[in-house]
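Here is a briefing on one protein model. Keep the sequence and the 3D view open while reading.

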Amino acid sequence: MSKLWNRELGVRTLSGLVFVIVMAGGILWSPYSLLILMLAIGCGCLHEFYRIAGLRGYEPQTRYGLFLSLCLIGMGFTVAMGTIDPVWGWIFVPAVTIVFASELFRVRSTPLENIASTLTGVLYTAVPLVVLIFLGLRFSGEIVIYRPLVILSIVVLVWTNDVGAYLVGSVLGRHKMCERISPKKSWEGFVGGVTLSMVAAALLGHWIGGSMAVRCGLGAVVAVAGVLGDLVESQFKRSVGLKDSGRMMPGHGGFLDRFDALLLAAPWAVVYCMVFDL
């Protein structure tokens with residue numbers, strides 16, 4: 001048992017290290033490596049979301065949904081880079097109507113659920129990644145300003161919240177937070193995660209900018225939204241009896257297991273940064 005435990009711990013540690021290197025490298029290298037990273041994350045998360053929907057008995061338009069998601073991320077990137085005019089974003093209005101029209105020819109027993117799951121998947125997985133791209137890219141005149149450290153700081157705040165919640169919850173966790181969905185989460189762990197995220201935000205001040213109070217506020221916003229994202233994904237999995245959403249990372253689960261917190265935290269973080277000009 002001890003050898004098995006050590007082996008599992010080693011696998012988790014190694015895959016976690018590779019994950020950190022890929023994430024940090026993809027964000028820091030260039031805007032184009034960021035695009036590739038966002039496309040990969042979006043595709044992986046949406047594929048797993050559609051798999052969960054399928055286990056519920058729905059039949060989302062998987063191929064078109066993936067195509068729509070990749071196009072949305074790609075167009076968001078080109079708009080942020082100043083390559084195309086934002087007015088081209090209106091092309092997604094007729095693109096979305098294709099989802100409704102296509103269901104007429106699929107002859108399925110759950111057309112409403114199929115349409116809803118197709119579009120919800122794109123909204124849930126692709127839109128947060130697009131807003132992250134806009135946070136990291138600023139087009140001013142003829143100059144594109146790439147701010148990879150700002151994006152990386154948001155990711156780091158999500159990670160520190162997870163670490164703080166796990167450490168404090170493991171030692172002090174007594175009061176269950178949402179036992180119906182996630183039996184291991186506790187209010188003590190929640191407070192520990194939010195606190196560590198606020199401390200990390202304060203330490204990352206030279207990347208994020210703003211006053212100490214504003215930086216700590218960002219840490220709190222990311223932590224709270226991240227916990228909600230984790231619970232939402234856990235609810236999805238529990239509804240179909242899944243432990244992990246996939247097998248993307250040995251010992252860590254799938255794409256949604258790794259990015260569930262970021263998917264809900266990113267929009268809130270971007271809005272917060274816009275309000276306080278970070």
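The notes below cover salt bridges, aromatic pairs, cysteines, a surface patch and a few helix details.

This is a predicted model. A search of the whole structure finds 5 salt bridges, 11 aromatic pairs and 0 disulfides.

**Salt bridges**

- Glu233, Lys237 and Asp257 are linked in a network of salt bridges.
- Lys237 meets Glu233 at 3.6 Å, N to O.
- Residues three or four places apart in an α-helix point the same way, because the helix has 3.6 residues a turn.
- Lys237 also meets Asp257, at 2.7 Å from N to O. Lys237 is in helix α9 and Asp257 in helix α10 (residues 255-275), so this pair ties together parts that are 20 residues apart in sequence.
- Asp257 is buried at 9% relative accessibility. Glu233 is buried as well.
- Elsewhere, Glu59 forms a salt bridge with Arg108, and the closest N and O atoms are 2.9 Å apart. This pair links distant parts of the chain. Glu59 is in the loop between α2 and α3 (62-80), Arg108 is in the loop between α4 (92-102) and α5, and the two are 49 residues apart.
- Glu59 is partly exposed at 33% relative accessibility. Arg108 is partly exposed too, with a relative accessible area of 35%.

**Aromatic pairs**

- Of the 11 aromatic pairs found, one is formed by Tyr124 and Phe236. Their geometry is edge-to-face: 5.7 Å centre to centre, with 90° between the planes.
- Tyr124 is buried, with a relative accessible area of 10%. Phe236 is partly exposed at 23% relative accessibility.
- Tyr272 and Phe276 make a tilted pair, 4.5 Å centre to centre and 40° between the planes. Tyr272 is buried, with a relative accessible area of 13%. Phe276 is partly exposed, with a relative accessible area of 41%.
- Ring pairs also join Phe19, Trp159, Phe255 and Phe259 into a cluster.

**Cysteines**

- The search finds 0 disulfides. Cys71 is in none; the nearest cysteine sulfur, that of Cys43, is 12 Å away.
- Cys71 is partly exposed at 29% relative accessibility.
- A disulfide here needs sulfur atoms within 2.5 Å.
- Cys273 is buried at 3% relative accessibility.

**Nonpolar surface patch**

- Val163, Tyr166, Leu167, Leu196, Val199 and Leu203 make a nonpolar surface patch of about 590 Å².
- Two helices, α6 (148-172) and α7 (187-203), each supply at least two residues of the patch.
- Tyr166 is in helix α6. Tyr166 is exposed, with a relative accessible area of 59%.

**Helices and positions**

- How far apart are the end C-alpha atoms of helix α9? They are 43 Å apart. The 29 residues of this helix (212-240) should span 42 Å at 1.5 Å a residue, which agrees.
- Gly241 follows α9 and has a positive phi, near 75°.
- Ile154 lies in helix α6. Ile154 is buried at 0% relative accessibility. Ile154 and Gly193 are 39 residues apart in sequence and 14 Å apart in space, C-alpha to C-alpha.
- Ile36 lies in helix α2 (residues 31-55). Ile36 is exposed at 59% relative accessibility.

Technical notes:
Residues numbered from 1 in each chain as written. Predicted model: local features only at pLDDT ≥ 70, side-chain atom pairs only at ≥ 80, totals over all residues. Heavy atoms only, no water. Patch = residues over 30% accessible without salt bridge, like charges linked within 9 Å, V, L, I, M, F, W, Y side chains within 5 Å. Areas by Shrake-Rupley, 256 points an atom, 1.4 Å probe, with all protein chains shown as cover. Salt bridge = Lys/Arg side-chain N within 4 Å of Asp/Glu carboxyl O. Helix = DSSP H or I, 4+ residues; strand = E, 2+ residues; numbered from the N terminus. Buried < 20%, exposed > 50% of the residue type's maximum accessible area, 1.4 Å probe, protein only. Expected span 1.5 Å × (residues − 1). Phe/Tyr/Trp six-rings, centres within 6.5 Å; stacked < 30°, edge-to-face > 60°.
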